[in-house]
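Subject: Handing over the structure

Dear colleague,

I am passing this structure on to you, and the sequence and coordinates are shown just below. After them I set out what was found, beginning with a single pair of residues and widening from there.

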Amino acid sequence: METAIGVFASRDRAEEAVKELMQRVPEDSIVFLTRSETEAKTVGKEFGTFVGGFAGGAAGMSAGVVAATLLVPGLGAVFALGFGAAALLGLAGAGTGAALGKAVAHDAQAAQPTPGEKCSEDVAFFREVLKEGRSLIVVRTESQALATTACGVLDRLGLGMQNRTPVKMQTNTRHIGDVAVLDISGRITLGEGNVMLREIVRELADKGNKKIVLNLGEVQYIDSSGVGELVKAHTTLRNQGGQLRLVNLNKRVNDLLEMTRLSAVFDIERDEASAIGSLGGDVPSQAVA
């Protein structure tokens with residue numbers, strides 16, 4: 001399953017992205033999440049849905065689209081469009097059992113946290129981004145071609161990093177005490193870096209490495225799918241009792257995370273020595289800043 005994530009501060013950009021995605025990607029692959037009911041109503045029109053009031057009812061729903069008000073612990077009301085939105089936020093009882101082709105409204109009070117083992121591994125991330133006042137578009141699909149299409153739309157309208165570096169992703173793993181340092185260069189993009197990053201982090205975690213530092217000093221480009229993989233690495237390790245740090249971000253990548261407020265979600269350190277120290281590890285002389 002490929003995941004592309006778009007983070008938006010502008011309602012107009014989010015609306016434009018949903019409109020374009022609806023023309024090119026199956027609607028049951030798209031989920032829109034926001035804390036603004038006004039924004040949800042506006043974007044909902046692009047789903048072929050005019051939502052008259054999320055808590056009280058919805059009309060004109062197109063097949064497979066669910067509109068719901070989800071009461072999220074620590075956040076309050078979150079307005080969601082798209083099938084499976086509740087599961088993305090780790091909730092049960094809202095949005096997950098909707099019949100296709102029916103207008104469905106859910107009582108906000110009905111949404112309850114699901115047990116931790118049943119939550120999406122991205123739950124904590126999605127909640128943190130919403131807490132930062134951003135809206136989210138998440139596209140999940142088994143199709144590489146559709147994921148590529150979605151990334152193109154979300155990169156252009158959401159993340160805002162369009163120029164690609166020609167260098168493919170390369171990695172090198174080092175161990176400093178009980179901390180695994182993964183040096184990454186090139187680009188983290190769909191079909192290239194995202195799969196490689198997924199496999200390396202999974203392998204490290206399976207071998208018992210619960211403290212991982214991603215050195216992104218030589219990473220010049222991250223697309224929507226690449227962000228999705230960083231999210232998975234972050235939340236997967238945290239769910240397993242581990243920790244992840246991002247270090248040595250260049251200006252381009254740092255600006256991306258600042259613009260989308262993802263910098264408040266990821267644990268970012270200035271350099272390798274700081275990251276190792278924050279993980280409780282010893283910082284030997286070879287830990288280069």
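Thr-3 has Arg-140 of strand E9 standing opposite it, where strands (E, at least two residues) and helices (H or I, at least four residues) are DSSP runs, numbered from the N terminus. Before going further, please note that this is a predicted model, in which local features need pLDDT of at least 70 and side-chain atom pairs count only at pLDDT 80 or more, while totals for chains, interfaces and linings use all residues. Residues are numbered from 1 along each chain as its sequence is written, and side-chain values use heavy atoms, with hydrogens and water left out.

The chain as a whole

The secondary structure comes to nine helices and 14 strands. Of the 289 residues in the chain, 52% count as buried, where buried means under 20% relative accessible area, exposed over 50% and partly exposed in between, with a 1.4 Å probe and protein chains only. Among the contacts with a separation of 6 or more, 68% are between residues 24 or more positions apart, a contact being heavy atoms within 4.5 Å.

The antiparallel sheet

Five strands in the order E1-E9-E2-E6-E5 form an open sheet with antiparallel pairing, and two strands are said to pair if DSSP finds at least two bridges between them. Strand E1 (2–8) and strand E5 (67–72) are at the edges with a single partner strand each, so one side of each is left without a neighbour in the sheet. On average, and with direction ignored, neighbouring strands of this sheet are turned by 20° against each other. E1 and E9 are paired in the antiparallel sense over seven bridges.

Strand E2 (residues 30–34) is mostly covered, as five of its five residues are buried. In a regular strand, side chains alternate between the two faces of the sheet. In E2 both faces are covered, with Ile-30, Phe-32 and Thr-34 buried on one side and Val-31 and Leu-33 buried on the other. Four bridges join E2 to the antiparallel strand E9 (residues 135–141), and there Leu-33 stands opposite Leu-136. Three bridges join E2 to strand E6 (residues 76–81), again antiparallel, with Thr-34 opposite Phe-79.

Ile-30, which is found in E2, is buried with a relative accessible area of 0%. Not counting residues up to four places away in sequence, Ile-30 touches several residues, including Leu-21, Phe-47, Leu-81 and Ile-137. Although Ile-30 and Leu-81 are 51 residues apart along the chain, their C-alpha atoms are separated by 8.3 Å.

The helix across this sheet

Helix H1 lies across E1, E2 and E9, and runs at about 20° to E9, where axes are lines fitted to C-alpha atoms, for helices over the stretch in contact, and angles run from 0 to 180 degrees between N-to-C directions. The buried residues of H1 are Ala-14, Ala-17, Val-18, Glu-20 and Leu-21.

The mixed sheet

Another open sheet of five strands has the order E10-E11-E12-E13-E14, and its pairing is mixed. Strand E10 (170–176) and strand E14 (268–269) stand at the edges with a single partner strand each, so one side of each has no neighbour in the sheet. E10 pairs with strand E11 (residues 179–188) in the antiparallel sense over seven bridges, and the bridge partner of Ile-176 in E11 is Val-179. Helix H8 (residues 251–259) packs on the sheet and touches strand E12 (211–222), strand E13 (243–247) and E14, its direction making about 105° with that of E12.

The nonpolar cores

A nonpolar core is a set of buried Ala, Val, Leu, Ile, Met, Phe, Trp, Tyr and Cys residues joined through side-chain atoms within 4.5 Å. The largest has 44 residues, of which Ile-184, Leu-197 and Leu-214 touch the most other members. A second, separate core of 22 residues includes Val-18, Ile-30, Leu-81 and Cys-151.

One residue elsewhere

Ser-224 lies in helix H7 (residues 224–239) and is buried, with a relative accessible area of 0%. Ser-224 and Arg-156 are 68 residues apart in sequence, and their C-alpha atoms are 9.7 Å apart in space.

With best wishes
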